[in-house]
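Here is a short report for someone meeting this structure for the first time. Keep the sequence and the 3D view open while you read.

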Amino acid sequence: MTPQQAILAILIPGVVSATALVALSFLPGRDRPAEDGEGASRDRIFVRPWPAIVAVAAFFFADLGLNQWHDLWPKDATQRFLAVGVAAALIGALHSLAGRVTLTVMLRVVLGAGLALGVLVPLPEMYMPRGLLIVLTGASGLWLGATGAVLDGAGSRLPRAAVPLVLAATAIIAAPGIFKSGYAGGAQLAVGLGALAGGAFVAAVLRRRTLPGLSGLHTVWLAVFATILLVTYGYQEVPAWWALPIMAVAPLGVVAGLFGKHRLLRVVLAGLVSAVIVVGATLAVVASASNNAAPEEESYYGY
Amino acid sequence: MSRTLTHAPLIAASAAVLIGSVGLLAGFAPAPVDASTQLQAPANAASYKVDSVHSTVLFRIRHMGVANFYGVFTDFSGEFTFDPEDHAAGAFGFEVRTASVDTRNADRDDHLRTADFFNSRQFPTISFASTGVEHVEGDLYTLTGNLTLQGETRPVSAELEWMGTGKNPQGKAIAGYEARFQIKRSDFGMTKYLAADGSESGGLGNIVKLIVAVEAIRE
């Protein structure tokens, strides 16, 4: 990644996310807890769609930095992250505006299934048998619905900065695993996604005021993250495929493990989180070692 | 009951349509322009089939802005019909298997097959089909045609050097040519490690030289 790309793909998404969310928090209106589990205020309904739009705007720069300017729906199915982000932002804005938990879950399930189809259908059957396609489509929908519900719920009960921190950490920890799966572009996008969530974390730390509509930001993050994992699984010769489902449950694990009510569950999931961190760190070391090998060593090829 | 709940089915339906459209687009996206290598043979020209054992597909790209890096594709096929006396009727076509990329490093070759570069699972081939041949001088011609890479078909031109005809040790008629293409990979959506300004200064340059050196056996 060149310095220019790092600025576009990491720095700008973080800055856009942080500044826009801070600015939104200054909009007038009374704060009052809502009944939808989002901590949203009924008095600031016009604010609710914006976190989703801020998220996709921030991600746009990450995609621009790493994949250049391209069609919204390119023929290359591994370059459809921005399309997924835009669809997720529209859906995130819609369900944030509606503010109903059941509708939010339903829309996310549809989004998760749709993005899986958009990414995996172009694969020839020898790489993606139709049975597996159906399973992955369903799993993607269910994952997005369930994980989103957990994150929204955690967002209303935990300190405001907790969920953005979980999202940032998950994306950044996942990056070396994706890199080790032979998908450097996906790893870089994951870091950009981490920067986006990092910006939301900074905004939450800087401003004490609860911002309505953060569930929309969760939707965008989850949709793009799911797409990265699906592309990694579907289009690469994945040596570390087993790391992908671990990455997928990482946000759930972090939230439930660190903040869950049941002690046993906390212990189990905290262990899972530890495993994710160990796996991520190990893969990072392996990836780093292979990337820093001397030219005469077998593992060397640099880039 | 709240107003938002009243609108919920409408919102859900809109979103379902949106996402359904995304899925449908994926499944029924228009196919790339056909750049088939099946050629229409002119009446008097000889037709030849590529002998891949004695042919080479070589590519060159700038690395880190300071060096030219070379690699080959080991699996390709093609055919052509050509008669220097009737060059305008000539037709050339070839198809390269992207998974056969060979840069003398297995890890790098694996990486080149991934979504970062050739995305070999979705786009298993690079293909070319000529649309015209113009004589320049001597044995040099300008070859024009459509190149399909990453599912994108673009018109390109190449410098074609006709190497001549002869017979191989088995007594079969053979002929050869070398076509030298120069393309911008960004035109085909390959933008990984490209400088932001699309120049040669990135991790990998934008300009790719593709040399197709063919020996072929008369059919």
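The report covers the model, then helices, selected residues and aromatic rings.

## The model and its confidence

This is a predicted model, where local features need pLDDT of at least 70, side-chain atom pairs count only at pLDDT 80 or more, and totals for chains, interfaces and linings use all residues. Residues are numbered from 1 along each chain as its sequence is written, chains are lettered from A and ligands numbered from 1 in the order in which they are written, and side-chain values use heavy atoms, with hydrogens and water left out.

The pLDDT is the predictor's confidence in each residue, from 0 to 100. Chain B has a mean pLDDT of 84, and 80% of its residues reach 70 or more. Residues 1-37 of chain B have a pLDDT below 50. Beyond near neighbours in sequence, that stretch has 55 contacts in the model (a contact means heavy atoms within 4.5 Å).

Helices and strands are DSSP runs, numbered from the N terminus (helices are H or I, at least four residues; strands are E, at least two). The expected span of a helix is 1.5 Å times one less than its number of residues. Helix H3 of chain A covers residues 81-98. Its 18 residues reach 25 Å from first C-alpha to last, close to the expected 26 Å. H3(A) is largely enclosed by the rest of the structure, because 14 of its 18 residues are buried. Buried means under 20% relative accessible area, exposed over 50%, and partly exposed in between (1.4 Å probe, protein chains only). Gly99(A) follows H3(A), with a positive phi near 70°.

Helix H6 of chain A has 19 residues, 162-180. Its end C-alpha atoms are 28 Å apart, which agrees with the 27 Å it should span. H6(A) has a kink of about 25° at Ala174(A), shortly before the proline Pro176(A). The bend at a residue is the angle between axes fitted to the seven residues ending there and the seven starting there. Just after H6(A), Gly182(A) takes a positive phi of about 90°.

## Polar residues to look for

Ser17(A) sits in helix H1 of chain A, residues 3-25. Ser17(A) counts as buried because its relative accessible area is 1%. A polar atom of its side chain lies 3.2 Å from the backbone nitrogen of Ala200(A). Not counting residues up to four places away in sequence, Ser17(A) touches Val54(A), Ala58(A), Leu196(A), Gly199(A) and Ala200(A).

Asn67(A) is in helix H2 of chain A. Asn67(A) is buried too, at 3% relative accessible area. A polar contact of 3.0 Å joins its side chain to that of Lys192(B). Such a contact is a pair of N or O atoms within 3.5 Å; within protein, one must be able to donate a hydrogen and the other to accept it, and residues adjacent in sequence count only if both atoms are side-chain atoms.

## Aromatic pairs

Over all chains, the structure holds 17 aromatic pairs. Rings of Phe, Tyr and Trp (its six-membered ring) pair if their centres lie within 6.5 Å; planes under 30 degrees apart count as stacked, over 60 as edge-to-face and the rest as tilted. Phe60(A) and Phe61(A) are edge-to-face, because their planes stand at 75°, with centres 5.4 Å apart. Phe92(B) and Tyr177(B) are also edge-to-face, at 4.8 Å and 80°. This pair links strand S5 to strand S10 of chain B, 85 residues apart. Both Phe92(B) and Tyr177(B) are buried.
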